[in-house]
Amino acid sequence: MTRNMPDAPAVVLAVLLSLLDRSRTRSGTDDASALRHTVERAVHAEKTGLHRFWVAEHHGVPGIASGAPAVLAAAVASHTSRIRVGSGGVMLPNHQPLIVAEQFLMLESLFPGRIDLGVGRSLGFTEPVRAALRSAHADTFDTDIAELRSYLDGSASVTARPVAAPPPVFVLATGAGLEVAARAGLPVVVGGPVLHKTDPLAMYRKSFRPSPANPEPYVIISLDVTIAADTADARRLALPEAWAMARSRREGEFPALEPASAIDDSQWTPRTRGRIEDSLASTILGTAGEVRPRLEELIDRTGANEIMASTSTYDRAELFDADAAFAQLAGLLGSTGVVGSTGAVG
């Protein structure tokens with residue numbers, strides 16, 4: 001299998017495998033249970049040998065309990081000892097760069113060598129949330145990242161404390177975000193429609209300006225990966241998230257996960273059914289033997305250095321089993337890349 005990166009020295013690299021957990025709420029349980037489950041899932045992820053475990057930032061969303069990724073990352077890091085812990089991500093329009101720097105320098109001081117800082121540019125989910133966050137409409141993402149990095153590396157006129165080695169910064173990117181990351185010499189996390197296009201990632205690699213911490217481009221692909229004993233089981237596990245996505249588009253509110261057994265497809269409208277099928281189609285699901293070649297094709301097409309699964313389902317035990325099956329693919333997935341490219345960001 002060969003990456004689509006011409007003139008790259010050929011060396012076989014293992015593709016790293018990681019998790020993004022959004023602290024999904026579940027019908028019949030409270031938000032605190034979702035947060036405790038995130039910590040429990042991180043402990044399990046570390047035992048399986050996964051590389052990173054990131055948590056999310058969402059505000060005022062019924063289906064997601066995590067609005068303070070730095071706080072949740074601290075809880076995760078305190079219950080684990082090896083796995084890298086980070087944010088997927090901190091949304092810079094909601095924060096002053098100095099405050100973000102202070103939070104993640106504190107995390108780095110408490111858990112040295114294990115902290116990642118993923119940043120994004122998304123605003124609140126609804127207009128009332130955006131108003132509550134005092135979200136600015138001006139796009140200052142580029143300058144916010146530059147300011148944030150100056151506090152992290154100690155080059156700003158104000159010294160962010162505690163003084164510590166700066167954690168690696170990642171950009172959660174789409175089109176414009178990829179351009180920002182390339183200019184800044186930062187690794188990227190991409191998902192959604194970008195995965196079906198080759199031009200944006202090719203542009204990122206071509207425009208990438210090496211930085212001291214990141215001499216080479218680095219791409220993490222994030223998407224749902226659901227592995228089960230058979231294809232029907234994997235589809236059943238993926239259904240609660242697909243149903244929630246369809247409901248959010250119909251009702252304007254992202255709901256808690258429901259058990260697959262409670263989702264009655266006999267009442268679906270054609271539009272709802274189409275949305276659910278589209279969501280399931282965007283998930284890589286099936287047995288390990290079915291998922292592996294699809295991931296290999298994705299890695300080959302995108303040149304990914306790392307896969308970050310954002311999988312969720314209602315049943316927690318089955319989610320842990322799916323995570324373990326995903327982790328077992330480590331070392332089996334590989335591709336041709338640039339020497340040293342996996343070591344730039346920890």
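Among contacts (heavy atoms within 4.5 Å) between residues at least 6 apart in sequence, 77% join residues at least 24 apart. The model is predicted, with local features requiring pLDDT of at least 70 and side-chain atom pairs counted only at pLDDT 80 or more, while totals for chains, interfaces and linings use all residues. Residues are numbered from 1 along each chain as its sequence is written, and side-chain values use heavy atoms, with hydrogens and water left out.

Along the principal axes, the C-alpha atoms fill a box of roughly 60 × 50 × 35 Å. Buried residues account for 53% of the 346, where buried means under 20% relative accessible area with a 1.4 Å probe, protein chains only. The accessible surface (Shrake-Rupley method, 1.4 Å probe) comes to about 14900 Å², and carbon and sulfur atoms contribute 55% of this surface.

The secondary structure consists of 11 helices and 12 strands, defined as DSSP runs numbered from the N terminus (helices: H or I, at least four residues; strands: E, at least two). Helix 1 (residues 31-48) contains 18 residues and spans 26 Å from its first C-alpha to its last, close to the expected 26 Å at 1.5 Å a residue; the expected span is 1.5 Å times one less than the number of residues. The buried residues of helix 1 include Ser33, His37, Arg41 and Glu46. Their packing partners are strand 2 (16-21), strand 3 (52-55), helix 2 (69-78) and helix 11 (316-327). Gly49, which follows helix 1, has a positive phi, near 95°.

Helix 11 has 12 residues and reaches 16 Å between its first and last C-alpha atoms, close to the 16 Å expected. Leu319, Phe320, Asp323 and Phe326 are among the buried residues of helix 11. This buried set packs against strand 2, helix 1, strand 9 (225-227), helix 10 (288-302) and strand 11 (306-309).

Gly185 lies in the loop between helix 6 (175-184) and strand 7 (188-190). Gly185 counts as buried because its relative accessibility is 0%. Residues up to four places away in sequence aside, Gly185 touches Phe208, Arg209, Ser211 and Asn214. The C-alpha atoms of Gly185 and Pro217 are separated by 7.3 Å, although the two residues are 32 residues apart along the chain.

Notes:
Buried < 20%, exposed > 50% of the residue type's maximum accessible area, 1.4 Å probe, protein only.
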